[in-house]
Each structure stands twice: as structure tokens, then as C-alpha cells.
Amino acid sequence: MNVEEALEQSRENVQKVIEICRRPGRMLILMQDNPDPDALACAAALREFAFHHAKKRADIGYGGVCGRAENRAMMDVLHIHAKRLSAAQISPYRIIALVDAQPNTGNNLLLKKRVPNIVIDHHLMPKRAKWTTEFADVRPEYGAACTILYEYLTVSGVKINRNLATALFYGMQSDTQDLGREASIPGMHAYQELFIRADKKKLARIRRAPVPAAYFNMLAVSLSECVIAGKTVISHIPECDNAEMIAEVADLLLRLEGVRSTVCYGLCDGKIYISARAVDLRDNMARRMKQAVRMIGTGGGHRAMAGGQVLVNGDAEKRMALVRERLLKAFARGKEARPLLPQPQPEEAVQ
Ligand SMILES: [Mn+2]
């Protein structure tokens, strides 16, 4: 898709989105349970869009936790007011827009029986997507979903203020790793436009947000038991208080020389979260992730990055062991797993 075609598509779509926003009743913009910068940027942009075209002040919500220091800093510095909701708190909303996520994927609060009004996303859709919505704009070729929202604002004449430009730029930057991963032509165009307008000082404050000591502790744990199997690195965090740490470790380990893909998994809030990353788009992480969690959880994403969740009922250790087995099978079939780092020798008996 070139830039003109993309904008044409957006011009067509904004009419329907405006019509939905103009209906009476409260509107909720729902993100995935652990919203990332792309989701936050989408939500901030759609809120601005709804206010401009329908004078509607939408709420922004998510289940789970927004734990990553950068993401909390983004909300803080750019004044994105998102609230943590329970599934029950969603029902009073008359209009629901799901951004950077899809229904029935297990990563958001939307219950099966509730049909959303708007879905704007860029994740690969399952062949037979088992969900319905009134309006959907899903562009799997886009590296970041907020590029779609950038187009909506642009084609419908909504002014993008400095904070919003910064949010959109950071959303694109973080989902595409500075356009190095799954960047589309419309995405590159939007990135350039937004770079000029983004507040660089605020960007720096977000990217280098301070982290607590627990962050380094989790990092140390994830590295100490990390294994390499073939060209895949697999690490885990047995007890993780921040699900986003798992994605961060998967990203970090991808820098290891000679590695083609990375997987990190960890137990957080009674759920096992899994993140997978690939250097090369020929390795389809979304497909492997689906294979790994088949019958025990949900998963999906993109070719270069994928995520999954497995619920734990009962023995968490057994579940973690099963997940490990499944991951080794799906991501490093037939390869022997050996420790990545030298293992500490057992201490000699003290006399
Ligand atoms: Mn995204």
C-alpha cells in the first residue's frame, strides 16, 4: 500500500468512525491489558478525534497493569489519562472502541458476548477471525496501529498538538524499533512528519524513565537461567511483578550475536506471559506462538514479534514446565538447550 492508497482508505473509514462517535452515550477506548506505547498513542489520538468530531470526551481504559517505566512516564509526561478497569465496569459504556488489539484474543477486557463498535489494529488476523464488530480497520502490514490513527486525524483535519505528535511518534518508534521492524511505506511517511513535531526533550524523559532496583533484579534472574537452543534463546522469569518485563527481556536478548529468535516467559499475576521476537521476518513468530499455546492459552501477533498468555489453575510450577516444553518444541524443535551464561559452581563444603 502506498501513501495515497492508505490515505484514501482512511478517508473512507473516518466517515463511519465519526458517525459512531456522534451517537449518544459514553464512549470507552479500550487497550490491551498491558498497554504499550502504540496502544497509548492510538487511544490518545482516537480520544482527540472523537472530541473534535463529536464533542465527546471518551474514557481510556485497560485491564491488567501498565508497569513498564517508559509507559508510565509516557502517560505522565504527555497527559494521557488511562484508567485501570474491571470487566464489569465496561458494561455501562454505549460505545466501545478497541485499539491495538482484537476481540477474543485473551489480551483485553472485552467479554465474548460484547460486540465492540470500533476495532483499529495491526495484528495478523486469524484465518477465520471468530469475532464481529460494527467497524474494523485492521492493517497487518503496518508496523504500528497508531499510524492508522495518524491518518484519520490528518485526513479529517484534526490538529495534532505537540503532546499528541510526541505520543504518536513514540508509539511508532517503539512498535517498529525505529522503523527497523515491519515498517510500512505509510508508516515511514507518518514517522517523518511526526518527528518534526514531536517534543524531543519529552521523548528523552520517556525513553530514559527511571526504573526501580527490582527491575535489575528481574533482569539478573532472567539472564541467569537463560538457555540457547539452536539459534533461539529462551529465558524465563519465575516470579515477575511486571508482565512487560517479559517483552523487554525478549527484545534485549535479540541483540545476542548469531541468534535468530528469542522467547521469554514468566509468571505474573496468576498468568504466564510469553513474548517472542525474530530477527528475520521469514521466521513467523505469530504462527509458532499459536502452536506453542494451542489448547492451553491464547497467542498471536506479527511475524517478527508475538505474544501469548496461558492461564494457571492449580500448580504454577507444573504449568511453567509445560509451557517451557511447548516453547522448546515450537521454537527450537530437536535442538539441545544449553545454558547461555557460565553456571555458578556448587560451593565447596565449609569445614
Ligand atoms: Mn501495536
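The discussion below concerns a predicted model.

Trainee: What makes the radius of gyration of the protein agree with that of a compact globule?
Mentor: For 351 residues, a compact globule would have a radius of gyration near 20 Å, and the protein has 20 Å, so the two agree. The C-alpha atoms fill a box of roughly 75 × 45 × 40 Å along the principal axes. Of the 351 residues, 47% count as buried. Among contacts between residues at least 6 apart in sequence, 65% join residues at least 24 apart. The protein has 11 helices and 13 strands.

Trainee: Which strands stand at the edges of the 6-stranded sheet, and why are they called edges?
Mentor: The order in this open sheet is β3-β2-β1-β4-β5-β6, with parallel pairing. β3 (82-84) and β6 (135-138) each have a single partner strand, so one side of each is left without a neighbour in the sheet. Neighbouring strands here are turned by 20 degrees against each other on average, direction ignored.

Trainee: Why are α1 and α4 called roughly perpendicular?
Mentor: The axes of helix α1 (residues 3-21) and helix α4 (residues 146-155) cross at roughly 80 degrees and come within 9 Å. The term covers angles of 65 to 115 degrees, and the two helices are therefore roughly perpendicular to each other. Ala-6, Leu-7, Ser-10, Arg-11, Val-14 and Val-17 in α1 meet Glu-151, Tyr-152 and Val-155 in α4. Helix α1 also lies across β1 (27-30), β4 (95-99), β5 and β6, running at about 135 degrees to β6.

Trainee: What is the order of strands in the 7-stranded sheet, and which strands are its edges?
Mentor: The order is β11-β12-β10-β9-β8-β7-β13 in an open sheet with mixed pairing. The edge strands are β11 (297-301) and β13 (337-339), as each pairs on one side only. The twist averages 20 degrees from one strand to the next.

Trainee: What makes β11 mostly covered?
Mentor: In β11, 4 of its 5 residues are buried. A residue qualifies as buried if 20 or more other C-beta atoms lie within 10 Å of its own.

Trainee: How do you know that α9 is largely enclosed?
Mentor: In α9, 7 of the 10 residues are buried, so the helix is largely enclosed by the rest of the structure. The buried residues are Glu-244, Met-245, Ile-246, Ala-247, Val-249, Ala-250 and Leu-253, and they pack against α8 (213-224), β8, β9 and β10. Helix α9 (residues 244-253) lies across β8, β9 and β10 (271-278), running at about 160 degrees to β9.

Trainee: Where does α10 lie, and at what angle to β11?
Mentor: Helix α10 (residues 285-293) lies across β9, β10, β11 and β12 (305-311), running at about 175 degrees to β11.

Trainee: Which residues have the most contacts inside the largest nonpolar core?
Mentor: This core has 59 residues, and those with the most contacts inside it are Cys-42, Ala-43, Ala-45, Val-99 and Leu-168. Helix α2 (residues 37-54) gives the most to this core, with 10 residues. A second, separate core of 41 residues includes Leu-124, Ile-237, Leu-254 and Tyr-265.

Trainee: What does Val-99 touch?
Mentor: Not counting residues up to four places away in sequence, Val-99 touches Ile-29, Met-31, Ala-39, Cys-42, Ala-43, Leu-46, Ile-120, Asp-121 and Ala-145.

Note on methods
Residues are numbered from 1 along each chain as its sequence is written. This is a predicted model: local features need pLDDT of at least 70, side-chain atom pairs count only at pLDDT 80 or more; totals for chains, interfaces and linings use all residues. Two strands pair if DSSP finds at least two bridges between them. Axes are lines fitted to C-alpha atoms, for helices over the stretch in contact, and angles run from 0 to 180 degrees between N-to-C directions. Two residues are in contact if their C-beta atoms, placed from the backbone, lie within 7 Å. A residue is buried if 20 or more other C-beta atoms lie within 10 Å of its own, exposed if 12 or fewer, and partly exposed in between; C-beta atoms are placed from the backbone. A nonpolar core is a set of buried Ala, Val, Leu, Ile, Met, Phe, Trp, Tyr and Cys residues joined through C-beta atoms within 7 Å. The radius of gyration is taken over C-alpha atoms; the globule rule is 2.2 Å times the number of residues to the power 0.38. Angles under 35 degrees count as roughly parallel, over 145 as roughly antiparallel, 65 to 115 as roughly perpendicular and the rest as oblique.
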